[in-house]
Every structure is written in C-alpha cells, then in structure tokens.
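Subject: Structure for you to look at

Dear colleague,

I am handing over the structure below, together with notes on what was found in it. Please read the two side by side.

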Amino acid sequence: MRCILLLLDGLGDRSHPQLDHRTPLQAASTPNLDKIASLGMNGLFHSHLQGTALPSELAHFLMFGYQIEDFPGRGVVEALGEGIDIRLDDVALLARIFSVTKEQQRLVLRHENPPLDRQDCQSLHGAIRAFSRDAIEAEFLPTKGIGGILRLRGKVSKAVTDSNPIIEGRPLMEVLPLRAMAEDPLTQNTARFLNDYLRWSYRTLATHPLNRQRTREGLPAINAVGTQRAGMMKHLPSFTDKWGLKGLMIASGAVYQGLGQVVGMETCKVRDTGDPGKDLQERLAMAWQAKEFDFVHVHTKVADEAGHARDPLLKKRIIESIDAALAFAIEKIVADGDVLFIVTADHATASSGTMIHTGETVPIVMAGRYVRRDKVVSFDEVSCASGGLNLVRGKELMYLVLNFLDRGKLWGLMDAPDDQPFTPGNATPLPVD
C-alpha cells in the first residue's frame with residue numbers, strides 16, 4: 001500500500017457573521033470533500049499544540065514527524081529551495097527591502113511590501129549586496145521581488161532575534177541574542193554585526209539616486225532592510241530512514257522545494273496557473289501515477305492565500321473550486337484499495353483579525369482499506385470533531401500512516417540497531433558461513 005496526503009494549506013478558519021457564523025469551509029458547497037468524509041475516519045489535526053500559530057514550513061516539518069528543536073529555520077529552507085549555496089556553518093535569514101521613516105532616532109516601517117519593478121529592485125539590491133566586518137561576511141541574495149536571503153559567513157550564530165516588525169507603523173527592531181544565548185560571545189558578535197549591517201543598509205539606500213528620484217516624485221523611499229527567521233543547516237535523518245517510506249512532494253513555491261531537501265524527500269515543482277481546481281486535479285493525477293513512491297504529499301496554497309486576503313466570501317469560493325477537483329480523487333484514488341488517502345491542512349488561516357496564521361485545529365479525514373468508517377458526512381472544522389480519529393497532533397500523523405498502511409512495528413521489537421517504527425525494518429541477515 002501507499003499513502004497520498006492532500007494538504008490544503010490554510011484551510012481552517014474562524015466563524016464569520018457574513019457567513020451566518022460559519023467558517024468558509026462550513027459555508028462552502030463541498031460535495032466531494034463530504035463524500036470522502038463519509039468514506040473514511042475523521043478528526044481534527046494540529047501539528048503542535050492547540051492555539052499555537054505555526055508557519056507552513058514548521059507545520060510541515062512537524063507533520064512529517066520531526067522535532068521542533070531540530071527545525072533548521074525558514075531562512076535555510078527557502079535558501080535551499082531557491083538554489084542558494086548554504087553551507088553547514090552559514091546562517092541564512094529571510095530579508096527584504098522596504099520603506100521606513102526616521103522618527104525620534106527610530107526607523108518606523110511604513111510600507112512592508114512596496115511595489116517595485118524588477119530593474120529598480122536589482123539596483124537597490126545591488127547597493128546593499130555585500131558587507132563585511134569582524135571576519136563576518138554578509139551577502140544579500142535576491143529571490144523574488146523585494147525579497148531575498150541574507151547569508152552570513154564566518155563565525156556566526158543563528159540564535160538572534162528578528163529586525164522586521166512586519167506590522168506597518170512599528171519600528172524596526174534591534175537584533176538581540178536569544179535569552180538562552182545572551183552570554184555567548186559568538187551570538188553577541190552576530191547580533192552586533194547584523195545591527196551594523198542594518199544601519200549601513202539604511203544609510204546606503206537613503207542616499208541612493210533611485211530613492212532621491214522617488215522622493216522628488218512624491219513616492220516613498222525604499223530605504224531599509226528587514227530580517228527574520230535566522231537558521232542554520234542541520235544533519236537530520238531522511239524521511240525514508242525515519243519512516244521506511246520513499247517520499248515525494250508535489251508543490252509550487254521555493255519553501256517546499258527546500259523543505260524536501262531538508263527531510264530528504266524528492267520534490268516535483270509545479271506551477272500555479274490561476275485556475276486552482278485545474279492545478280489541483282493535475283497534481284492529484286501526478287500523485288496517482290507516481291506509484292514508485294510510498295508517500296506522496298500533494299500541496300496547494302490557494303486557501304491560505306484567500307485567508308490572507310481577509311475576505312471570507314473569497315475563501316469560500318476558492319474552497320468550492322478546490323472541491324470540484326476532488327472528483328478525480330474519489331474516482332481514482334479513494335476507490336483504490338491499495339491507497340491510503342488523507343486530506344487535511346497544515347494550519348488555520350483566518351479571514352479576519354490581525355494574526356498571520358491562527359492556532360485552531362483543522363479537519364482531517366483518512367480513507368483506505370484498513371481505516372474504520374465513522375458517521376461523519378460533512379468535512380469541516382466542527383463536523384469532523386465528532387469523528388473516530390479525535391484529535392491528532394504532530395508526529396502522531398505519521399504513526400497513523402504506518403498503521404493504516406499495515407506497516408507499523410510492534411513496540412519493543414528490535415530488528416535493527418535503530419528503533420524504527422516501521423516493518424519490515426532494515427534488518428541484517430545472519431550469515432551462516
């Protein structure tokens with residue numbers, strides 16, 4: 001048997017008055033999701049702890065059965081996905097250029113995502129590309145639009161705070177050592193270096209000819225760099241070594257290509273065309289055909305993006321377009337007794353409020369040969385709570401996958417030096433001569 005996991009990024013939500021106090025998923029017409037729910041066992045899922053708001057890359061990392069303290073950091077994951085050279089001793093941070101105003105010796109964020117054409121981006125990125133001091137080298141490596149990766153090389157530490165406040169109207173933050181590393185000289189030096197780079201970048205961009213021209217034209221200057229989510233590479237067991245399954249990830253976006261490299265899962269990069277239903281059906285067909293893999297992760301981000309638009313009605317429509325694509329899943333995937341089909345989300349993305357992601361649980365359904373069927377007939381955040389899976393957290397998901405693939409090992413048996421949870425394990429045959 002094999003598993004196909006459909007991940008509807010950001011699917012969960014909150015109740016909204018304009019939807020009669022229902023979530024967008026509850027309000028949407030989803031006959032295919034409801035049919036899958038009726039054919040499987042349902043529940044609620046959270047990658048970590050209820051109430052904690054997780055970014056997608058960390059939620060996926062935990063979902064794949066890894067520990068939160070082993071996460072290498074978003075900067076590293078995205079850098080790998082963009083094909084940037086990241087070595088074991090490098091620190092990688094998410095970075096972007098944006099607009100600030102100087103107010104009482106503070107730099108206040110005014111435009112966190114200012115529109116800027118490609119040529120102007122290249123000009124400003126180039127001005128702040130390289131900076132070195134105290135045997136540390138920083139290089140700003142552009143990725144998409146105003147964004148990039150700030151790579152630090154030398155004697156550096158990842159245990160530093162962010163400088164990007166994200167919320168407009170708030171001041172850029174001084175980079176500080178994390179509390180646990182406050183007395184560590186390496187971390188102290190890294191924090192000082194980053195603050196020097198940020199001040200230098202501000203002075204360099206503020207006097208750039210392009211910004212002088214923008215000021216004359218009444219446009220905000222793109223005059224500062226913000227950083228966040230520092231990370232460093234780590235040696236981790238591969239997904240196959242950890243779970244005994246050959247994995248494939250089908251997704252768009254550099255972060256998922258990078259995550260695949262971090263966990264040792266093959267990746268297939270696909271393109272978002274603007275037709276989410278068509279895109280998803282094509283990805284499900286690819287998963288169906290990839291029979292050489294034991295575990296195929298199919299990802300779509302459109303529900304998450306709709307949530308970020310803060311429009312519950314838009315998210316409802318997007319969910320309905322996703323549901324239409326699942327007719328293929330019912331016809332081909334769910335009907336196949338050799339496939340365990342799972343539908344869930346990595347986190348909730350609320351269509352209201354100020355949080356980027358929110359900490360509510362999300363619905364989950366598992367359908368397959370060895371899965372009990374419960375009485376749930378609607379796939380949503382409330383109905384699934386009464387299902388047979390109850391609440392599933394973090395790496396419990398992968399243990400359930402092994403169980404319903406009929407590949408879980410009896411606890412305590414040792415068929416290999418590593419205590420692996422799957423069977424057959426990586427046993428060594430006894431030689432007789």
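Grid points are joined across faces, edges and corners, and a volume is the space filled by probe spheres set on the points.

Please keep in mind that this is a predicted model, in which local features need pLDDT of at least 70 and side-chain atom pairs count only at pLDDT 80 or more, while totals for chains, interfaces and linings use all residues. Residues are numbered from 1 along each chain as its sequence is written, and side-chain values use heavy atoms, with hydrogens and water left out.

The largest pocket

The largest pocket holds about 1700 Å³ of space, and its lining is made up of 44 residues, of which Arg-74, Glu-78, Arg-96, Arg-229 and Lys-301 lie nearest the centre. By class the lining divides into 15 nonpolar, 14 polar and 15 charged residues, where Ala, Val, Leu, Ile, Met, Phe, Trp, Tyr, Cys and Pro count as nonpolar, Asp, Glu, Lys and Arg as charged, and the others, Gly among them, as polar. Among the elements that each supply at least two lining residues are helix H3 (56–63), helix H4 (74–81), strand E3 (91–103), strand E7 (147–154) and helix H9 (254–263); helices (H or I, at least four residues) and strands (E, at least two) are DSSP runs, numbered from the N terminus.

Two of the lining elements

Seven of the eight residues of E7 are buried, so this strand is largely enclosed by the rest of the structure; buried means under 20% relative accessible area, exposed over 50%, and partly exposed in between, with a 1.4 Å probe and protein chains only. Two strands pair if DSSP finds at least two bridges between them, and E7 pairs with E3 in the antiparallel sense over six bridges, with Ile-149 of E7 as the bridge partner of Leu-94. Strand E6 (residues 136–142) also runs antiparallel to E7 and is joined to it by seven bridges, and here Arg-153 in E7 is the bridge partner of Glu-137. E6 and E7 form a hairpin with four residues between them, and in its turn Gly-145 has a positive phi of about 60°.

H9 is likewise mostly covered, with nine of its ten residues buried, including Tyr-256, Leu-259 and Val-262. The cover over these buried residues, taken from contacts (heavy atoms within 4.5 Å), includes H3, H4, helix H8 (239–243), strand E9 (247–251), strand E10 (266–269) and strand E11 (295–300). Gly-264 follows H9 and has a positive phi, near 70°.

The cavity

A search of the whole structure finds one cavity of 30 Å³ or more.

The chain as a whole

The protein chain has 13 helices and 14 strands, and 54% of its 433 residues count as buried. Its C-alpha trace spans about 70 × 65 × 35 Å along the principal axes. Of the contacts with a separation of 6 or more, 70% are accounted for by residues 24 or more positions apart.

Individual residues

Ile-318 is found in helix H12 (residues 312–334) and, at 18% relative accessibility, counts as buried. Leaving aside neighbours within four places in sequence, Ile-318 is in contact with Pro-276, Val-302, Ala-303 and Ala-306.

A cis peptide bond, with omega about -5°, joins Thr-423 and Pro-424, and Pro-424 is found in the segment after helix H13 (396–404). Asp-406, also in the segment after H13, has a phi near 65°, a positive value in a residue other than glycine, and counts as exposed at 52% relative accessibility. Asn-390, in strand E14 (residues 390–393), has a positive phi of about 60° although it is not a glycine.

With best wishes

Notes. 1 Å grid on protein atoms, 1.4 Å probe; cavity = no way out; pocket = protein on both sides within 12 Å on 5 of 7 lines; lining within 4 Å.
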